[in-house]
Amino acid sequence: MITLDDAFRKFKSRLELNDREQKNASQRQNEVRDYLDTKFAIDRSFLTGSYKRHTKTKPLKDIDIFFVLKEGERHYRSKAPSVILTAFYDALVEKYGAKAVRKQSRSVNVDFGVTVDAEDNTDYRIVSVDVVPAFNSGDDYEIPDDDKGEWIKTNPETHAAKAVAAHQAFSNEWKGLVRMVKYWNNNARHGEKPVKPSFLIEVMALECLYGGWQGRFDYELQGFFSTLADRISDTWPDPASLGPPMSDGMDAVRKSRARDLLVAASREATLAINHARQGRNGESLKVWRALFGPKFPLS
């Protein structure tokens, strides 16, 4: 039977992107970038978000692409955020169809019609991308926020640098642990994601994963779930100290639900640890599998 450490190592590997997935992601994002270059005056575009930071989990969807517009498009900046989002939406509908394109608060989502099976596999294809229009603002960027009805500042390069520093400080295990908890967050048994946006998990991990890697995935995850539950109601600022708090997307009801599910996850992790302590390795693996979902191996 597989050991717990080997199971977690295998789990971590399953959540990492393989060559075929990276190739498909490259093809799809370049396709979108090349198309939008024909519709808008774009200074440059680049990948950002959890895909770029290597904290994206499976199934692979909502890959963020930043589109920094040239000064010739600056007239959009003086208008409501909905105007630029609608313009990008209309352009993408021309290519992909209305059923595949969806406006969001800060981006436009393009779904490629990929089916996710019961094991969270997609035949090595990405499900969707998120298109984010932006303008330069000094060394930072401004992006539309339709929920707030205003343009907000952000800097994905700062987010990426902090993730790299945290990963190195945690013996290069930080990103793997973040991916695991994001995968838990995606577990279909929750219905709606407990923590939304998923980036909030990453922001919290910058503080909640501390003290250095102790060499045990099970103990680290039990403690991580417990700390997330304790601090989910805190205000979590933008790591770049530019935009609104990352926790603004969750009201009191959402935070209460997330706390309950995080507490339950911590208890399940404790149960799995106790099974292992008492020599019931198979039972421990089953608890971890139920907690995380089908990517966690039993053998």
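Predicted model: local features only at pLDDT ≥ 70, side-chain atom pairs only at ≥ 80, totals over all residues.
**M180 and its surroundings.** I started by looking up what M180 touches. Leaving out residues up to four places away in sequence, I get F8, F11, K12, L15, F217, L221 and F292. M180 also turns up among the residues with the most contacts inside the largest nonpolar core, along with F8, W288 and F292. That core has 49 residues. I checked who supplies it: α1, α5, α6, α7, α8, α9 and α10 each give at least two residues. There is a second, separate core too, with 33 residues, including A25, F67, L92 and I126.

**α1 against α10.** Next I looked at α1 (residues 4-15) and α10 (residues 281-292). Their axes come within 11 Å and cross at roughly 25°. Angles under 35 degrees count as roughly parallel, so I put α1 down as roughly parallel to α10. The crossing is right-handed. On the α1 side I find L4, A7, F8 and F11, meeting N281, S284, L285, W288 and F292 of α10. Sorted by class, this contact has seven nonpolar residues, two polar ones and no charged ones.

**K39.** With close sequence neighbours (up to four places away) left out, K39 touches A91 and E94. I also looked up K39 and A87: they are 48 residues apart along the chain, and their C-alpha atoms are separated by 9.5 Å.

Methods. Residues numbered from 1 in each chain as written. Heavy atoms only, no water. Axes fitted to C-alpha atoms, helices over the stretch in contact; angles between N-to-C directions. Helix = DSSP H or I, 4+ residues; strand = E, 2+ residues; numbered from the N terminus. Parallel < 35°, antiparallel > 145°, perpendicular 65-115°, else oblique. Left-handed = near helix turned anticlockwise from the far one by under 90°. Contact = heavy atoms within 4.5 Å. Nonpolar A, V, L, I, M, F, W, Y, C, P; charged D, E, K, R; others polar. Core = buried A, V, L, I, M, F, W, Y, C linked by side-chain atoms within 4.5 Å. Buried < 20%, exposed > 50% of the residue type's maximum accessible area, 1.4 Å probe, protein only.
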